[in-house]
Amino acid sequence: MNHNLKPWNTFGIQRIADNIVRADNTHQLLDAWNTATENHQPVLILGEGSNVLFLDDFAGTVIINRIMGIEISETNESWHLHVGAGENWHKLVQFTLEKGMAGLENLALIPGCVGSSPIQNIGAYGIELKHVCDYVDCIELATGKASRLTAEQCRFGYRDSIFKHEYQDRYVIVSVGLRLAKRWQPVLTYGDLTRLDPTKVTAREVFDAVCHMRMTKLPDPKVNGNAGSFFKNPVISGESAKTLLAEWPHVPHYPQADGGVKLAAGWLIDQCQLKGSVKGGAAVHRQQALVLINENNATSEDVVALAHYVRQCVGDKFGVWLEPEVRFIGPTGEVNAVETIA
C-alpha cells in the first residue's frame, strides 16, 4: 500500500512511504515503531515536516508525532510550561502571549512542532530555544524507557543538539519543558526590532513586528512549498573573517563567544545576484535569498541542483561554503546534506 508524503512535507515534494501512522500518545508511537522494526523496516518520526527534503520514496514507516497538551505551573520568578511534542510551535507562542506570559515572541511564525524545536535549537531575531528550554522529555525507542534531559544535557549549539548526534534515531522527543521569566526583558537586536523603544515596548508589539518581518520576507508554504531557511548562517574563524572583511568590508558579521564570526547566508547569496534563479521547478525566493521554494511542481532533484548551484556561487565568490539547515531524507533515513549538494 502506498502513502503520499506530499501533505507531510512543507516543501510539497511528491514522494510516497510504505506506511504512514499518526501517533496521539507514546503507546501508539512505540507500537508503530516496534511493528516497523519487527518487520525490518526503516522508521522516520515527523512533526509537521517543515524542515525536511525527501530525496526519494521512503521504504518504511513514517510516524507522525501528535502527542498534544500544555500544562502550566509557576514559581515567584517564572512560568513553567510542559508542552506535548505534537503541538504547533507558533500556536504555542500565541497561547503564551494570550495568557500574559512573555518570552517566546521573537520565535513567532517559526514553522513546525514543539517536539522538533530542540533538535534544531530553533532561533530567530536574537533568541534561541536554549534560552527558554528547561528540559526535554524523550523515550528510548528500543526499550520504551523514558528520560528527561536538562537543557545543558541537550548540548545545544547553533541549529544543533544531542538529538542530531547520539540521540538521533534512538530516541523520540515526547514533550518539552519551557521556563519563561516573569521579569521580561525584550530582545531587540535584529531587523526592525532595533527601532522599538526598549523602555516602552510590549511583548505583543515585538510579536507583531516579528510576524510582519517574516510575512513580508518569507513565502507561505501553502502557496510556494518551502522549508524556511534552507542554509545555515555560516560561522567562520576570526582569521578567515579578517581576510573576508578586508575584501568585503560591508559583509554583515556577528562575533561569537568562541572567537568565531557568524555571517548572514542570505546576504552572501544576495551578493551573487541569485534571487529568482531557477533549476527545474525550484527557485531562489525573490524576497529572501535564504529560502528555496517549490515554484512549479519541483522535484527533489531540482531542489538539490539549485542548492548545489547556490553553494557553488557563494563558495567561488567568497570562499565560504554553505551548509543546508534542512534535513535530507533518503529511502531509509537521513543522509548527509552537505555531501548531497557538494
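User: In this predicted model, with which residues is Ser229 in contact, leaving aside its neighbours within four places in sequence?

Analyst: Contact means heavy atoms within 4.5 Å. On that reading, Ser229 is in contact with Leu290, Val291, Glu325 and Val326, once neighbours within four places in sequence are left aside. Ser229 itself is placed in strand 13, which covers residues 225-229.

User: Is Ser229 buried or exposed, or partly exposed?

Analyst: Buried means under 20% relative accessible area and exposed means over 50%, with partly exposed in between. Ser229 has a relative accessible area of 27%, so Ser229 is partly exposed. Glu325, by comparison, has 13% and is therefore buried.

User: Where is Glu325 placed, and which residues does Glu325 touch?

Analyst: Glu325 is in the loop between helix 7 (300-318) and strand 20 (327-329). Not counting residues up to four places away in sequence, Glu325 touches Asn51, Gln120, Arg159, Ser229, Phe230, Phe231 and Lys232.

User: What does the UniProt annotation "active site" cover?

Analyst: According to the unreviewed UniProt entry, that annotation covers Arg159, Ser229 and Glu325. Although these residues are spread over 167 residues of sequence, they cluster in space, with a largest C-alpha distance of 11.3 Å.

User: How many of the contacts in the whole protein join residues at least 24 apart?

Analyst: Among contacts between residues at least 6 apart in sequence, 61% join residues at least 24 apart. As for burial across the protein, 52% of its 342 residues count as buried.

How values were computed:
Residues are numbered from 1 along each chain as its sequence is written. This is a predicted model: local features need pLDDT of at least 70, side-chain atom pairs count only at pLDDT 80 or more; totals for chains, interfaces and linings use all residues. Side-chain values use heavy atoms; hydrogens and water are left out. Buried means under 20% relative accessible area, exposed over 50%, partly exposed in between (1.4 Å probe, protein chains only). UniProt positions are given in the numbering used here, feature names are shortened, and annotations may be inferred rather than shown by experiment. Helices (H or I, at least four residues) and strands (E, at least two) are DSSP runs, numbered from the N terminus.
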